[in-house]
Amino acid sequence: GLIFYDTKVTVMNRVLNATVQRTADHAAPEITLDPLEIVGGEIRSSENSYFCQAARQLACVPSSQLCVKLASGGDPTYAFNIRFTGEEVHGTSGSFRHFLWQVCKELQSSSLSLLLLCPSSAVNKNKGKYILTPSPITYAEEQLFHFFGQLLGIAIRADVPLPLDLLPSFWKTLVGEPLDADVDLQEADILTYNYVKKFENINDETELEALCAEIASQHLATESPDCPNKPCCKFTYLTMTGEEVELCPRGRHIPVGWENKDVYATAIRSLRMRELQTPECMTAVRAGLGSIIPLQLLTTLTPLEMELRTCGLPYINLEFLKAHTMYQVGLMETDQHIEFFWSALEMFTQEELCKFIKFACNQERIPFTCPCKDGGPDTAHVPPYPMKIAPPDGAAG
């Protein structure tokens with residue numbers, strides 16, 4: 001917290017350029033993706049997704065081949081080149097950025113099970129935010145999490161912000177910051193947070209009975225073995241993926257009473273915190289990230305700064321875009337149609353602006369810092385900067 005973000009980025013960029021492992025005399029690895037495999041909007045099976053197609057092909061490429069210098073200039077060097085079956089694409093930039101955009105869409109859909117919509121989403125809090133799916137993982141899933149980590153590092157080196165919406169708890173765990181048992185639980189699963197709070201704030205046994213009756217009406221409790229008509233909760237709870245688990249050995253047979261209600265509340269809280277930290281998944285993600293960028297860099301970044309460096313801002317700043325626009329021969333900023341163009345963009349919603357950016361440069365988000373700072377024509381510009389506006393091809397009009 002003592003160093004300005006810009007300073008951290010400068011140091012980070014210097015380290016990234018000093019840890020390049022693929023030199024100019026090495027050709028970039030190339031992968032071939034078949035767009036027809038994911039045809040029809042919904043991906044037929046996860047193996048056909050771009051994410052899995054790429055993971056399979058890059059599994060045998062040494063990670064050193066993916067450690068390239070930071071993207072700069074017109075057609076930058078990327079970790080790998082992408083060829084789409086049956087499509088003729090000029091340059092490497094457009095297809096690479098389209099691939100990253102498509103992969104983020106897949107990760108945040110039902111076709112891949114690596115990310116899970118946070119439970120708070122169901123009640124309109126943190127809508128559309130994801131966490132790593134908390135469940136035991138197979139070897140194949142571990143490989144996919146490793147590739148997910150690699151993609152985060154690849155996007156940082158390529159300076160292409162990923163349109164991923166992940167909860168702050170993901171970024172905290174990634175940079176090694178401890179989670180807050182109150183704040184992070186509330187953000188991820190407000191219903192469980194409220195449930196735990198009710199048990200923590202009970203003042204007497206009648207309140208506890210009333211609460212158990214309320215829970216019983218929602219089918220979460222069973223009758224007490226001692227008094228058949230008195231509802232009670234047992235030491236079990238649902239995981240985020242919807243499985244009922246015991247909170248302690250033989251939890252199904254232990255009723256929640258006045259003397260152990262706090263133990264019950266603490267056990268639920270611990271269950272959720274473990275699920276948010278997902279140690280096995282996060283270890284694989286960090287291992288993947290560490291194969292592309294030095295993990296020591298994360299010690300200087302706050303979780304929010306790491307998110308900004310990887311995913312940029314989810315909104316488009318028009319003033320910033322204007323400052324980084326070049327008008328080609330014969331065009332001026334004061335031309336009537338150019339003024340019309342900017343006033344049209346000013347009327348766009350953020351969603352429409354993202355679509356415009358996607359149309360113009362094949363990515364939904366734009367980096368929110370630029371090496372030149374003031375919009376000057378600097379060689380360090382990375383596409384989509386500067387945005388170029390050219391005169392029409394034909395003479396008429």
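This is a predicted model: local features need pLDDT of at least 70, side-chain atom pairs count only at pLDDT 80 or more; totals for chains, interfaces and linings use all residues.

Reader: What makes tyrosine 195 and phenylalanine 199 an aromatic pair that is edge-to-face?

Author: Two values decide that. Their rings sit 5.3 Å centre to centre, and the cut-off for pairing is within 6.5 Å. The planes are at 65°, and over 60 counts as edge-to-face.

Reader: Where do tyrosine 195 and phenylalanine 199 sit in helix α7 relative to one another?

Author: They are four residues apart in helix α7 (residues 190–200), so about one helical turn separates them. Phenylalanine 199 is at 0% relative accessibility, and with a limit of under 20% it counts as buried.

Reader: Why do phenylalanine 170 and tryptophan 171 count as buried?

Author: Phenylalanine 170 has 3% relative accessibility and tryptophan 171 has 0%. Buried means under 20%, so both get the label.

Reader: Which residues make the contact between α5 and α10, and how do the two helices pack?

Author: Helix α5 (residues 168–175) and helix α10 (residues 279–290) pack at about 65°, with axes 10 Å apart. On the α5 side the contact uses Phe170, Thr173, Leu174 and Val175, and α10 brings Met282, Val285, Arg286 and Leu289. By class, that makes six nonpolar residues, one polar and one charged. The crossing of α5 past α10 is right-handed.

Reader: Now arginine 272: why is it called buried?

Author: Its relative accessible area is 4%, and the limit is under 20%, so arginine 272 is buried. This arginine lies in helix α9 (residues 261–277).

Reader: How do you know that the side chain of arginine 272 makes a polar contact with the side chain of glutamate 275?

Author: The distance is 2.6 Å, and a polar contact takes N or O atoms within 3.5 Å. A polar atom of the arginine 272 side chain is also 3.0 Å from the backbone oxygen of leucine 238.

Reader: What else is arginine 272 in contact with, leaving aside neighbours within four places in sequence?

Author: Besides Leu238, the list has Leu185, Asp189, Thr192, Tyr237, Thr239 and Met240.

Reader: Why is arginine 97 put in the buried class?

Author: Arginine 97 has 6% relative accessibility, and under 20% is what buried requires, so it counts as buried. Arginine 97 is placed in helix α3 (residues 93–107). Its side chain makes a polar contact with the side chain of glutamine 363 at 2.9 Å, where the limit is 3.5 Å.

Reader: And what do the totals for the protein look like?

Author: The protein has 14 helices and 10 strands. Of its 397 residues, 46% count as buried. Among contacts between residues at least 6 apart in sequence, 66% join residues at least 24 apart.

Terms used
Residues are numbered from 1 along each chain as its sequence is written. Side-chain values use heavy atoms; hydrogens and water are left out. Buried means under 20% relative accessible area, exposed over 50%, partly exposed in between (1.4 Å probe, protein chains only). A polar contact is a pair of N or O atoms within 3.5 Å; within protein, one must be able to donate a hydrogen and the other to accept it, and residues adjacent in sequence count only if both atoms are side-chain atoms. Contact means heavy atoms within 4.5 Å. Axes are lines fitted to C-alpha atoms, for helices over the stretch in contact, and angles run from 0 to 180 degrees between N-to-C directions. A crossing is left-handed if the near helix is turned anticlockwise from the far one by less than a right angle, and right-handed if clockwise. Ala, Val, Leu, Ile, Met, Phe, Trp, Tyr, Cys and Pro count as nonpolar, Asp, Glu, Lys and Arg as charged, and the others, Gly among them, as polar. Rings of Phe, Tyr and Trp (its six-membered ring) pair if their centres lie within 6.5 Å; planes under 30 degrees apart count as stacked, over 60 as edge-to-face and the rest as tilted.
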